[in-house]
Amino acid sequence: MNMKRFLSGLALTATLSAMPVSLPPFTSMENFASLAPFAIAAENTQNAEQLYTANCQLCHSMRPPAKTAPPIVGLAARYRTVYGNKEDAVKAMVSFMKAPDASNTALGPRAIKRFGLMPAMSMSDGELEKVSGWLWDQYDPNFETRGNCR
Ligand code: HEC
């Protein structure tokens with residue numbers, strides 16, 4: 001089982017158990033204190049896909065047709081071609097998202113001309129890295145990039 005799913009499952013269980021309706025099994029503060037680590041886990045396990053849904057999906061669809069930005073599978077293919085490995089691609093995406101700039105685009109000027117420049121994301125470095133790693137993983141070998149990711 002996916003560890004993150006497992007942890008968020010535990011966290012959910014913990015949250016539900018901590019609700020007043022199910023108080024009987026948790027009558028002392030000691031029991032509540034023992035749940036604290038799971039509450040922290042819940043915050044850290046907002047998974048990459050949830051980050052995408054909350055912060056990127058407004059503009060980026062997963063696949064063509066494009067909304068107001070190149071679709072994710074197209075970006076994944078493009079970053080593979082340009083950087084060749086996940087580590088460098090993630091670094092490039094993170095730095096681009098903090099301060100989008102026509103001079104550090106992996107897509108090229110035509111995409112920026114077509115869609116306009118992406119706005120900077122106000123997310124933590126950890127979140128940006130997580131969502132970038134996820135984006136890299138969305139690569140689909142059957143997807144043919146054409147033009148500016150379609
Ligand atoms: C308000 C709309 C908008 C949102 C929200 C948005 N993007 Fe973008 N993004 C764009 C546009 C427009 C482009 C294409 C032009 C460009 O590259 O700047 C783009 C391009 C990109 C690129 C390619 C950059 C390049 O030029 O090499 C990546 C990677 C990317 N987005 C990832 C994300 C991720 C991940 C999120 C969410 C955390 C996100 N975007 C949120 C509009 C958006």
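Hi everyone, let's start at the ligand: 26 residues surround it, and the closest are Cys56, Cys59, Ala69, Thr105 and Met118. By class, the shell has 21 nonpolar residues, five polar and no charged. Here Ala, Val, Leu, Ile, Met, Phe, Trp, Tyr, Cys and Pro count as nonpolar, Asp, Glu, Lys and Arg as charged, and the others, Gly among them, as polar. At least two shell residues come from each of helix H5 (86–98), helix H6 (109–115) and helix H7 (125–137).

A word on what we're looking at. This is a predicted model, where local features need pLDDT of at least 70 and side-chain atom pairs count only at pLDDT 80 or more, while totals for chains, interfaces and linings use all residues. Residues are numbered from 1 along each chain as its sequence is written. The protein chain has a mean pLDDT (the predictor's confidence in each residue, from 0 to 100) of 81, and 65% of its residues reach 70 or more. Confidence is highest in H5, at a mean of 98, and lowest in helix H2 (residues 29–44), at 52. Where pLDDT is low, the predicted coordinates should not be read in detail.

Now the fold. The protein chain has seven helices and zero strands; these are DSSP runs, with helices being H or I of at least four residues and strands E of at least two, numbered from the N terminus.

How do H3 and H7 cross? Their axes, lines fitted to C-alpha atoms over the stretch in contact, come within 8 Å at roughly 100 degrees. That makes H3 roughly perpendicular to H7, a label for angles of 65 to 115 degrees on a scale from 0 to 180 between N-to-C directions. On the H3 side we have Ala48, Glu49, Leu51 and Tyr52, which meet Glu127, Lys130, Val131, Gly133 and Trp134 in H7. Contact means C-beta atoms, placed from the backbone, within 7 Å.

Two loops to finish. Between helix H3 (48–55) and helix H4 (72–83) sits proline 65, joined to proline 64 by a cis peptide bond with omega about 5 degrees. For context, most peptide bonds are trans.

Between H6 and H7 we find alanine 120. Is alanine 120 buried or exposed? With 12 C-beta neighbours inside 10 Å, alanine 120 counts as exposed; the cut-offs are 12 or fewer for exposed, 20 or more for buried, and partly exposed in between. Beyond its neighbours within four places in sequence, alanine 120 contacts Met97, Lys98, Ala99 and Pro100.

Key
Near = placed C-beta within 6 Å. Parallel < 35°, antiparallel > 145°, perpendicular 65-115°, else oblique. Contact = placed C-beta atoms within 7 Å.
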